[in-house]
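Here are some friendly notes to read beside the model. Take them one point at a time, and keep the picture open as you go.

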Amino acid sequence: MSADSAIDPEPVAVQPLSVDMRRLTRVGSRPNFLDYLVQLWDFRQFIFYDARARVQSGTRRDRLGSAWLLLNPIFNGLTYFLIFGLLLKTSRGVENYVGYLVVGIFVFQFSSGAITSGARSIRSNKSIVQAFNFPRAALPIGANVRELLSAVPLMLAMLLIVVVLPPAENITWLWVLVVPAILLQSLFNLGVGLILARVISRVHDVTHLLPFALRAWMYGSAIFYTYERFVTHPQMLAAIKLNPLFNVIDIIRDCVLYARVPQWQSWAILAAWALGALAVGLVYFWKGEESYGRG
Amino acid sequence: MDAGEREIFIEGHPCVVVDSVRMRYRVASSAASDTDADTAKPRFLRRAVNKPHMVTVQALNELSLVVERGESVGIIGRNGSGKSTLMKIISGQSKPTSGAVYASSTPIMLGVNAALVQDLSGDQNVILGCLAMGMSRAEVDEKFNSIVELSGLEKSIHLPMKSYSSGMASRLRFAIAASVDPEILLVDEALNTGDAQFGDRSKLRMDELREQAGCVFLVSHSLDTIKAMCTRVIWLDKGDLIMDDEPEIAIKAYQDFTRHLSKGNNISAAKILDDAKANLVATEVRGRSSRRSRG
């Protein structure tokens with residue numbers, strides 16, 4: 001090793017070069033927000049292809065294949081039914097408890113799955129991020145489109161269970177309202193996923209906390225009990241009912257189980273959360289655009 | 001010392017401008033820390049906290065370059081001299097600690113080390129990769145056959161990526177990356193992987209790409225390749241720019257240097273390095289936004 005030569009960051013000769021910079025752009029620089037949205041639109045084929053290809057391959061390793069998309073929430077529902085319905089009897093005062101539980105679990109599971117995969121989309125696709133230059137938000141959006149696609153059989157199964165298991169419910173026109181509710185929920189998932197994706201790309205430790213946060217959220221979303229039974233303070237109750245996921249679940253329960261038109265307040269709360277989360281998520285994610293997949 | 005405050009005025013629009021780029025990494029070292037503060041703690045405590053000893057690696061010291069259209073720049077140097085770091089910075093894969101790179105279009109790096117999506121099949125990866133580079137679906141369909149042909153994977157293209165050998169994966173990766181015709185092309189030497197048959201085919205495609213590209217950066221340990229292909233050679237050593245000159249001159253100096261080193265003549269090798277450095281005229285980029293020189 002040339003030990004002696006390393007000491008000399010001597011001022012060598014410097015030649016200034018005057019360079020026309022007008023047509024140059026900084027490599028890896030972030031476009032302004034509107035251009036970014038336009039870019040995302042230009043990459044829509046990438047987003048949809050990514051989503052579709054991975055729906056098919058997601059469960060290929062399991063023997064039962066895509067059936068796990070359904071079996072998973074069904075087993076979940078069974079577990080909660082045994083513990084909360086039969087053992088702890090939180091079912092008291094709930095009309096059609098099985099339906100109540102099934103709607104709660106299936107709908108919540110859609111959100112928890114979508115938020116988790118949106119949040120991990122940047123980390124788990126690091127190699128694609130490093131190999132290609134595309135607007136990074138395409139990955140969380142792709143993950144959410146994928147979850148939405150796989151939610152379709154999930155929701156059909158949920159409705160089937162509600163129709164088949166006693167007390168069987170009748171199919172009404174109100175069932176159509178499930179679609180806008182799920183779409184709003186999906187926008188909310190995307191917003192949260194975008195925020196978490198940037199956080200996790202910075203501090204990977206957050207992935208370990210995510211399952212706990214989601215579980216706490218689930219227990220707080222009136223899936224196997226009603227708020228009215230445990231919360232007596234009216235203001236407290238109103239505050240808890242601002243939970244966006246509770247509102248989706250409530251809307252769908254009203255439509256599917258109780259043949260009631262959902263209250264406009266629920267829609268308003270849900271829409272506000274969905275659009276708010278999406279706007280905050282997009283801007284927050286865009287601000288970190290230059291940092292993804294580096295270092 | 002001073003090469004004169006005479007600015008050299010560069011006509012036209014350069015392809016790539018590297019403006020005072022510097023790269024520093026903070027990495028964990030497995031070497032025991034030599035600070036006293038650490039050794040004061042008992043060993044088990046240090047293990048439990050598990051905070052590795054961090055060291056700063058100067059991967060690249062301040063460096064500026066202006067590369068014009070039609071230039072092919074070869075980058076030479078020993079292992080660890082910062083060649084790949086410089087390439088990654090120019091391609092936008094890593095962000096320099098300070099400074100910036102400006103380019104007239106998105107530089108494309110042809111490497112073979114990035115993995116694609118393991119769960120998807122080869123053909124799905126081709127489509128996904130092309131869409132990620134911003135092609136439309138119609139363009140992908142048009143180029144699909146030539147990509148598969150270049151990769152030489154034949155029937156295996158329908159198998160999932162995770163069943164591929166590393167050679168097969170890198171061939172596919174190269175074929176995808178080579179399907180665009182970039183204006184600014186970066187080539188890392190790792191291309192020498194793969195069997196002889198693929199070697200010929202990829203070389204053919206590389207020659208084509210190089211002819212079409214506006215400017216090319218090439219990292220290779222094969223000095224013959226560099227001599228044959230490049231119009232300008234940059235010699236890096238331990239993160240410092242040593243020489244930036246005609247290929248014959250720079251390669252000859254580098255060969256002298258390595259010959260002395262391999263004979264164990266560290267002192268004479270260091271002298272070559274110092275001489276080269278003393279003659280180096282560093283570049284200083286002065287951006288202008290008008291056609292006329294400012295003074």
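1. How many bridges join strand β2 of chain B to strand β5 of chain B? There are five, between β2 (residues 16–29) and β5 (residues 98–103), and the two strands run antiparallel. One of the residues to look for is B:Arg22, whose bridge partner in β5(B) is B:Ser98. Strands here are DSSP runs of E with at least two residues, helices are runs of H or I with at least four, and both are numbered from the N terminus. Two strands pair if DSSP finds at least two bridges between them.

2. Before going further, a word on the source: this is a predicted model, in which local features need pLDDT of at least 70, side-chain atom pairs count only at pLDDT 80 or more, and totals for chains, interfaces and linings use all residues. Residues are numbered from 1 along each chain as its sequence is written, while chains are lettered from A and ligands numbered from 1 in the order in which they are written.

3. Residues 1–9 of chain A are a place for care, with pLDDT under 50 throughout and nine contacts beyond four places in sequence. Where pLDDT is low, the predicted coordinates should not be read in detail.

4. Now back to the strands of the opening point. An open sheet of four strands runs in the order β2(A)-β5(B)-β2(B)-β3(B), with antiparallel pairing. At its edges stand β2 (25–26) of chain A and β3 (53–67) of chain B; each has a single partner strand, so one side of each has no neighbour in the sheet. Helix α3 (residues 83–91) of chain B lies across β2, β3 and β5 of chain B, at about 120 degrees to β2(B). That angle is taken between N-to-C directions, from 0 to 180 degrees, with axes fitted to C-alpha atoms, for helices over the stretch in contact.

5. A second open sheet also has strands from both chains: three strands in the order β1(B)-β1(A)-β11(B), with parallel pairing. Both β1 and β11 of chain B are edge strands with a single partner, so each has one side without a neighbour in the sheet. Two bridges join β1 (residues 13–20) of chain A to β1(B), and A:Ser18 has B:Phe9 as its bridge partner there.

6. Where the chains meet, 58 residues of chain B are in contact (C-beta atoms, placed from the backbone, within 7 Å) with 38 residues of chain A. On the chain B side, β11(B) gives the most, with eight residues.

Technical notes
Two residues are in contact if their C-beta atoms, placed from the backbone, lie within 7 Å. pLDDT is the predictor's confidence in each residue, from 0 to 100.
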